[in-house]
Amino acid sequence: MFKKISLALLYAVVAYLIYRYGEEIVAWFQAPNHIALVIVAATAMALFPVIPYPVVGGVIGAAFGPVLGAAITWTGSTAASILMFLFVRYGYQEWGERMLYRYERLSKLTVLFERNAFLTILFTRLVPFIPSIIINAYSALSRVSFGSYAVASALGKIPSMLLFAFVGNTLMSEPGAVALTIAIYGGFLAVTLWVYRQWKRSKEPVQSNREA
């Protein structure tokens, strides 16, 4: 309970600071020599999510526009995922295992990985119903290759990073279009979820035949 209250207060403070000093933050981001620093900051904020990453992506989108903002946000998020993967696989597997034990639906994730690790990573990034840190840790502890993980993870992050940047940019320029942007993304998620379920069902007969 204390942890939830503390997080709520922290988010409230962050929201106030962005509201109060939003223009100054955007102006600092827009400095020509600050792009590399913003990418580093985005990576650090993805690794240590004190501030919700949609907020980070929104601020970056407001500063750099939807395209460049999405590219910066995607770079930071992808770099953070790869660093976490390498961290667990080559240094701290015990920590990764402890992290996974806290996740109640691990058996379902295991079944999905056994069917197709690449598509599982891709779909779980596109439809974020599993926490990112769980995907990173499980992938690192599995037999999936680094290349497959990196490509699937990077591709799966593109839609959400575009959404964050578009919403941030739209709030600054055309606040009325935010609902439309979110609706379009919701439609994309619905289609992706439908494709995911069809893929899942297509694997079920194979599994049943093996058991028979």
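Biologist: Which residues does I121 touch, not counting residues up to four places away in sequence?

Modeller: Contact means heavy atoms within 4.5 Å. In this predicted model, I121 touches F113, I135, S139, V144, Y149, A152 and S153, with residues up to four places away in sequence left out. Residues are numbered from 1 along each chain as its sequence is written. Local features need pLDDT of at least 70, side-chain atom pairs count only at pLDDT 80 or more, and totals for chains, interfaces and linings use all residues, while side-chain values use heavy atoms, without hydrogens and water.

Biologist: Which residues of the largest nonpolar core touch the most other members?

Modeller: A nonpolar core is a set of buried Ala, Val, Leu, Ile, Met, Phe, Trp, Tyr and Cys residues joined through side-chain atoms within 4.5 Å, where buried means under 20% relative accessible area (1.4 Å probe, protein chains only). Here the largest core has 26 residues, and L109, I121 and I134 touch the most other members. At least two residues of this core come from each of α4 (66-90), α5 (93-101), α6 (106-115), α7 (117-126), α8 (132-141) and α9 (146-173); helices are DSSP runs (H or I, at least four residues), numbered from the N terminus. Another core, of ten residues, lies apart from it and includes V56, F64, I72 and F164.

Biologist: Where is confidence lowest, and where is it highest?

Modeller: The predictor's confidence in each residue is its pLDDT, from 0 to 100. The mean for the protein is 78, and 75% of its residues reach 70 or more. Helix α1 (residues 2-29) is lowest, at a mean of 62, and α4 highest, at 92. Over residues 206-212 the pLDDT is below 50. Where pLDDT is low, the predicted coordinates should not be read in detail.

Notes: Buried < 20%, exposed > 50% of the residue type's maximum accessible area, 1.4 Å probe, protein only.
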